[in-house]
Every structure is written in C-alpha cells, then in structure tokens.
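Hi everyone, thanks for coming. Let's take a few minutes to look at pockets together.

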Amino acid sequence: MPTPSMEDHIEQIYLLIETKGYARVSDIAEALSVLPSSVTKMVQKLDKDGYLVYEKYRGLTLTPKGEKLGKRLVKRHELLEQFLRLIGVDEDKIYQDVEGIEHHLSWNSIDRIADLVQLLEENEEIVNKLKKMKQQP
C-alpha cells in the first residue's frame, strides 16, 4: 500500500506525463515543492516497488501498475474538488482542503462521495438549497 507521499509523487508524475509527455525529477520537485534529492529517493523507491521504471539521466516511465494508480489518484483528487465545489466550499479553499483530506479517506468513502456527487448533480434543487444556506447569516 503506497504512503501519502508515494501517492503524491505518483499523481504528479502521472499528471506531468499526461500534460508534457514526460516527467523529470526537477519538474516533480517543483510541482511538489520539495528538493530534487527527495524526489530522486522516492523515484528509486517507486521503481523498486514496481510503479515506474527509472534510469538515471534518462528519465522515468510509469509501469501499468503505476499508470493505473496515477489515473485513480487524479480521479480521486478531481472528485473531491468537484464535491467541495458542489457543497459550496469557497474556491480559494478547495485545493488546500483536498490536499488535506485525500489521503485520509478510504476508497469506500471515495466511492460513496462519488455517489453523492452524482446525486447532487442530478438534483439541482439540493445544490441550490445548499447555496442559499451558505448565504444565510
């Protein structure tokens, strides 16, 4: 089971590969606001655990296992952002809140939140009631 730090690295590597076509240690370090040496150590661990293939000075690629997890982690992050937005959390708080909670929820809880998001999207009147409740003093 990957640690929260491993998940953050895999998620960021997945995003970088999706957007840029590649992920370098320096790009990962910048995105996560950590030292490149920390990223190198984590990348080596992720390589050892079968999530990616890392060749010094040549870059890295996700294995099917790493790609599957990366995609799942990105979807989890997006789902939580969507949920917080739907329930009326202030936009400037959403990213920080998601970062604070995403590693502390079970996949079962994530699945239930996905069901709730679907329910909210299908019932606009509930979302409107939430908005009105937020506006009340």
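First, some ground rules. This is a predicted model, where local features need pLDDT of at least 70, side-chain atom pairs count only at pLDDT 80 or more, and totals for chains, interfaces and linings use all residues. Residues are numbered from 1 along each chain as its sequence is written, and side-chain values use heavy atoms, with hydrogens and water left out.

A pocket here is an open set of points on a 1 Å grid over the protein atoms alone, where a 1.4 Å probe fits, with protein on both sides within 12 Å along at least five of seven lines; lining residues have an atom within 4 Å of a point. Volume is the space filled by probe spheres set on the points, which are joined across faces, edges and corners.

So, where does the largest pocket lie? Domain 1 (4-68) and domain 2 (74-135) both contribute to its lining, so it sits between them; those bounds come from an automatic or database domain assignment. Its volume is about 200 Å³. Helix α1 gives the most to this lining, with four residues (helices are DSSP runs of H or I, at least four residues, numbered from the N terminus). Among the lining residues are Asp8, Glu11, His77 and Tyr95.

Now the second largest pocket, at about 170 Å³. Here α4 gives the most, with four residues. The lining includes Met1, Pro2, Tyr51 and Trp107.

Definitions and conventions
Helices (H or I, at least four residues) and strands (E, at least two) are DSSP runs, numbered from the N terminus.
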